[in-house]
Amino acid sequence: MKVRKELVQLARKTLLESVPPDMHHRLARELFEGYDLHEATGFPATVPIPPQVSAQVIVDDALRRDRFLELVELYVRLEKSGFMGRSYPIPQLREIFHLVGLEGFTWDQHTGMFMEDPRMRRTAGWGRILPGEERRYSLLRIDIARNSRLVRTHKPTEVRRAFADLREMLTRSVEDRGGRIWAWEGDGALAAFHFGHATTSATLAGMALLHDLFLYNRFDNPLEEPLRIRSAVHTGPLRFTEDQVEIRRQETCKEAVELEERCAPPDWLAISAAVAPTLDRVLLDRFKPIETKNAWLVYGYTVKMEGS
Amino acid sequence: MRIVVYGGYAGAADWSELLPAKVEVETMAFSSLKRSVERRAERFIYLDARGIEKEAILEAAAWLSGRPGLAWGILDPDGAVDDPAALFFAGAGDYLGPGTLPVGETRLRCALARAHRDDETPEPEQARSFPGWAKLREGKEYDFLFCHAAIGAAERLREAIGEKRLAKLRESFAAHMAEIAEGLDGKAWIMDSHGLLLVFPPRGLADSPLLAAFELLLDRALVGYEVFKLEVPLTFRFAFHAGSAPWRPPGATGTVVSEDVNFIFHLANRGGHDGRITMSAACADAIPPQIADLFQPAPAFEGHEILISRRFLD
């Protein structure tokens, strides 16, 4: 992440003026596991490090290791919750928030983190995750049911329009809940959620998409038949990469695809046994067990009206 | 001044550098164009040409041009439209391309005025008695579309979350409904112990509050969880009726005497059902045709024919 000079200087000044020197090392260890400030500054262990030097080195390391936003989030935590039972007022926070905003990030109350300002950019890693990092994600996989028949039996312009509309609806339901579309393959898509309550957000996005489609099929669908999808939510570890082929090769992604293909009937959202226990009861109660050929424990949701 | 722009993903559009700061811009999803136009009584909308295929614009143009009283234009900051004149042949009222943007407020007002200069759409018969909210005179009788909105299964909720939280939930629900009503050119009018009476201009001038109520019933699980942060299931009940009442502003409605207002409260509180829209046949024409099959006749109530919506299953 590139950070303007003014913000770097303010981050150093904050560390120097608002955080006592004896706290610098502890703070740095919060940020980088096993960090040795003496080694980083080149000062022997027996020689005290001047606070100006430690502040500069910590901020520079945060920049070099792409952890600058995490450092700033530590400042926020110092002021809001304190550290080891002591609170640390950070008078520069207001100005820092302003400058971080200029870098394209906004403060998200829900997660207590800086997130990409969606008006400026949306990247696959939320601007926070680096390629190669392994983290736990919740994946929402969707696929257009009977896609080949739709393409064969309708005008290409109508099919393109319907698919573009679906993409827009999916994007809205995913990005409004903090997720990212990782892949759009024309007849299907993969969306990922990581921050906050990721499984809940992925499930809500899948439900919202089914609701949108219910009305879309009645009001805006250019095809003469309903646009139907199979969808599934699964969660597990993934190594982040922007290479879609590499993402698809990983086990969690393969399981999400398999869940959608083998367990979700058209118009249904299936959630895996890994997702179900993480949901609040009020949401899980909307899902019914789905019978599967492979005896997987899967729950499903669909929009159903009486008399239909 | 307020304009509505239909485009790609609604959250992505940023018009602050292209449209005047004074103009309030609402961005809507192109995929919901027909539903939204059906629901809202817009007089002028723009389509954002970025990300919409040419054929889709032409198809939308044909549909929009067939709607009386609605004018439309194209916002094309990237110059994606190769033949703007073709859009005028198709009925467009304005084109804002790269050579025109950023644009001033006066320019937008000119387009609006010009687009409606030949507007000979006759106002619906019923709407004549409604001059617009600003011109209503206190005590004078006007036609309205009434909607009573309430939280459903209140007894079960009281047991689950307690009286205090239920009272708070009712307040939040009333505020939420008032906001929705405002967006549809309606007003939150009278609170009662069960819910809130909303009033809208008669059909033909108002956006479709009935579709908004239907969407809330469809989205009840999401709204309960995401908007009201409830850990128990939530549903709603709605009642609709068309009739007349002497106008009093919200907060000064104690002296309103109206058979139709009495009826909507009776219908809501004694004839309504959780998870459904109950309506008198007097406002049956407020049901968008696309969802008309989801309503069915129900036994008459206090001498009025009644329609009731089918329930979404939990």
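The exercises below, each with a worked solution, concern a predicted model with chains A and B.

**Exercise 1. The faces of a helix**

Task: Determine which residues of helix α4 (residues 105-115) of chain B are buried, and how they are arranged about the axis.

Solution. Step 1: B:Glu105, B:Leu108 and B:Ala111 are buried in α4(B). Step 2: Looking down the axis of α4(B), the buried residues lie within an arc of 125 degrees, so they line one face of the helix. Step 3: An α-helix has 3.6 residues a turn, so residues three or four places apart point the same way. Step 4: On the other side of α4(B), B:Thr106, B:Ala113 and B:Arg114 are exposed. Step 5: The cover over the buried residues includes β3 (44-48) and β5 (94-96) of chain B.

**Exercise 2. A cis peptide bond**

Task: Find where B:Pro102 lies and state the geometry of the peptide bond from B:Leu101 to B:Pro102.

Solution. Step 1: B:Pro102 belongs to the loop between β5 and α4 of chain B. Step 2: The peptide bond that runs from B:Leu101 to B:Pro102 has omega near -5 degrees and is cis.

**Exercise 3. A sheet in chain A**

Task: Give the strand order of the open sheet of seven strands in chain A, and identify the strands at its edges.

Solution. Step 1: The order is β4-β5-β3-β6-β7-β9-β8, and the pairing is mixed. Step 2: β4 (180-184) and β8 (288-290) of chain A each have a single partner strand and stand at the edges, so one side of each is left without a neighbour in the sheet. Step 3: On average, neighbouring strands of the sheet are turned by 30 degrees against each other, direction ignored. Step 5: Helix α11 (residues 251-263) of chain A lies across several strands, including β3 (134-144) and β6 (229-239), and runs at about 165 degrees to β6(A).

**Exercise 4. A buried histidine**

Task: Describe the setting of B:His241 and say whether the residue is buried or exposed.

Solution. Step 1: B:His241 sits in strand β9 (residues 236-246) of chain B. Step 2: Its relative accessible area is 1%; buried means under 20%, so B:His241 is buried. Step 3: The B:His241 side chain makes a polar contact of 2.9 Å with the side chain of B:Asp260, and another polar contact, of 2.7 Å, joins it to the side chain of B:Ser280. Step 4: Beyond its neighbours within four places in sequence, B:His241 is in contact with residues including B:Phe144, B:Phe146, B:Phe263 and B:His304.

**Exercise 5. The interface**

Task: State how much area chain A and chain B bury between them.

Solution. Step 1: The two chains bury about 3,700 Å², with 57% of it on carbon and sulfur atoms. Step 2: A:Phe219, A:Arg286 and A:Glu306 supply 22% of the area that chain A buries against chain B, more than any other three residues. Step 3: The contact involves 35 residues from chain A and 45 residues from chain B.

Definitions and conventions. Residues are numbered from 1 along each chain as its sequence is written. Chains are lettered from A and ligands numbered from 1 in the order in which they are written. This is a predicted model: local features need pLDDT of at least 70, side-chain atom pairs count only at pLDDT 80 or more; totals for chains, interfaces and linings use all residues. Side-chain values use heavy atoms; hydrogens and water are left out. Buried means under 20% relative accessible area, exposed over 50%, partly exposed in between (1.4 Å probe, protein chains only). Helices (H or I, at least four residues) and strands (E, at least two) are DSSP runs, numbered from the N terminus. The arc is that of the directions from the helix axis to the C-beta atoms. Contact means heavy atoms within 4.5 Å. Two strands pair if DSSP finds at least two bridges between them. Axes are lines fitted to C-alpha atoms, for helices over the stretch in contact, and angles run from 0 to 180 degrees between N-to-C directions. A polar contact is a pair of N or O atoms within 3.5 Å; within protein, one must be able to donate a hydrogen and the other to accept it, and residues adjacent in sequence count only if both atoms are side-chain atoms. Buried area is the accessible area (1.4 Å probe) that two parts lose on being put together, summed over both.
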